[in-house]
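I opened this model to look up its charged side-chain pairs and then its nonpolar surface. My notes follow in the order in which I checked things.

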Amino acid sequence: MTTPNKTPPGADPKQLERTGTVREIGSQAVWSLSSCKPGFGVDQLRDDNLETYWQSDGSQPHLVNIQFRRKTTVKTLCIYADYKSDESYTPSKISVRVGNNFHNLQEIRPPARVM
């Protein structure tokens with residue numbers, strides 16, 4: 001998502017999109033996963049249904065790769081994780097990396113902590 005102004009912490013991304021505060025740009029990207037179980041892939045990760053989700057099926061680290069076809073400024077990234085629903089699969093750390101290609105990715109500091 002991109003935002004023209006600073007987004008308040010804990011704000012509802014869907015409400016912000018409805019009011020024009022943010023714009024969802026994920027559909028402009030190519031999404032890939034390090035692994036997934038059948039029926040728990042990119043479509044479920046992106047479908048806006050809180051009952052569906054991505055489930056990896058391989059060794060760590062588990063990766064979500066989002067590649068835009070052209071240079072794109074992203075100011076806000078929203079990730080929904082529900083520890084109460086499934087604590088064993090909820091990540092304890094999320095690392096966000098940016099770059100011009102897969103081989104020059106640099107981690108944005110500080111890494112996001114999941115609560």
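**Salt bridges and a surface patch**

I began with R46 and E24, whose side chains meet in a salt bridge with 3.3 Å from N to O. I keep in mind throughout that this is a predicted model, so every distance below is computed from predicted coordinates. The pair links distant parts of the chain, since R46 sits in the loop between α2 and β2, while E24 sits in the loop between α1 and β1 (29-33), 22 residues apart from R46. I then looked up how open the two residues are: R46 has a relative accessible area of 27% and is partly exposed, and E24, at 26% relative accessibility, also counts as partly exposed.

For K14 and E17, I noted a salt bridge in which the closest N and O atoms are 3.6 Å apart. Both residues belong to helix α1 (residues 13-18), and because they are 3 residues apart there, about one helical turn separates them. K14 counts as partly exposed at 31% relative accessibility, and E17 counts as partly exposed at 29%.

For D48 and K14, I noted a salt bridge whose closest N and O atoms are 3.0 Å apart. This pair again links distant parts of the chain, with D48 in the loop between α2 (42-45) and β2 and K14 in helix α1, 34 residues apart. I recorded D48 as exposed, because its relative accessible area is 57% and the cut-off for exposed is over 50%.

How many salt bridges does the rule give in total? I wrote down a count of 3 salt bridges.

Last, I turned from charges to the nonpolar surface, where I found a patch formed by L45, V64, I66, L77 and I79. Together these residues have about 380 Å² of accessible area.

Definitions and conventions:
Residues are numbered from 1 along each chain as its sequence is written. This is a predicted model: local features need pLDDT of at least 70, side-chain atom pairs count only at pLDDT 80 or more; totals for chains, interfaces and linings use all residues. Side-chain values use heavy atoms; hydrogens and water are left out. Patches are made of residues with over 30% relative accessible area and no salt bridge: like charges are joined within 9 Å, nonpolar side chains (Val, Leu, Ile, Met, Phe, Trp, Tyr) within 5 Å. Accessible areas come from the Shrake-Rupley method with a 1.4 Å probe; for residues, only the protein chains shown count as cover. A salt bridge is a side-chain nitrogen of Lys or Arg within 4 Å of a carboxyl oxygen of Asp or Glu. Helices (H or I, at least four residues) and strands (E, at least two) are DSSP runs, numbered from the N terminus. Buried means under 20% relative accessible area, exposed over 50%, partly exposed in between (1.4 Å probe, protein chains only).
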